[in-house]
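User: I would like to learn how to read a few features of a fold. Please take me through them one by one.

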Amino acid sequence: LSYPLAIAVRKCADPRVLWQVADAYRLPFAAGVFDRVFCCSVWPHFSDPTAIARELYRVLHPGGYLHIWHFQPRCEINHIHAGAGADVANDILAPATVTAASLQNAGFAVAAPIDDDQQYRVTGRKSAVQDTQRD
């Protein structure tokens with residue numbers, strides 16, 4: 001296991017959690033196999049978030065949820081990235097309404113996004129009816 005993944009595994013021993021390192025643009029899973037996907041503190045690092053949202057839509061079963069979560073406010077995340085060096089300086093967390101639009105473009109229904117002085121959270125739900133054109 002990679003060092004960051006090994007730390008995560010030690011922190012969460014829940015057998016329901018699947019720890020996997022994979023290309024987020026081409027996940028090695030069949031369509032419709034997950035109930036929920038959590039993207040914690042990673043969303044601004046994707047160069048094409050709509051493509052990621054489409055791939056996550058594919059692996060969620062009908063009625064499944066995608067949660068994009070940062071436990072700090074967007075302005076703080078962007079400030080940290082701006083000062084962290086060239087590798088992440090341009091990894092800007094967009095307003096939650098922009099992220100919500102990306103999820104909607106991928107087919108998700110989006111609940112009211114949260115983008116306040118405490119946290120950032122956008123949740124999308126895959127239609128409970130199988131969408132054969134997207135999967």
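User: Is Ser41 buried, partly exposed or exposed?

Analyst: First, the basis. This is a predicted model, where local features need pLDDT of at least 70, side-chain atom pairs count only at pLDDT 80 or more, and totals for chains, interfaces and linings use all residues. Residues are numbered from 1 along each chain as its sequence is written, and side-chain values use heavy atoms, leaving out hydrogens and water. Buried means under 20% relative accessible area, exposed over 50%, partly exposed in between (1.4 Å probe, protein chains only). Ser41 has 40% relative accessibility, so Ser41 counts as partly exposed.

User: What is the phi of Ser41?

Analyst: Most residues other than glycine have a negative phi. Ser41 is not a glycine, yet its phi is positive, about 60 degrees. Ser41 sits in the loop between β1 and α2. Helices (H or I, at least four residues) and strands (E, at least two) are DSSP runs, numbered from the N terminus.

User: How many bridges join β1 to β2?

Analyst: Two strands pair if DSSP finds at least two bridges between them. Here six bridges join β1 (residues 34-40) to β2 (residues 60-70), and the two run parallel. Cys39 stands opposite Ile68 in β2.

User: Which residues have the most contacts inside the largest nonpolar core?

Analyst: In soluble globular proteins, nonpolar side chains tend to be buried together. A nonpolar core is a set of buried Ala, Val, Leu, Ile, Met, Phe, Trp, Tyr and Cys residues joined through side-chain atoms within 4.5 Å. The largest has 22 residues, and Trp43, Leu56, Leu66, Ile68, Leu103 and Phe108 have the most contacts inside it. Its largest share, five residues, comes from α2.
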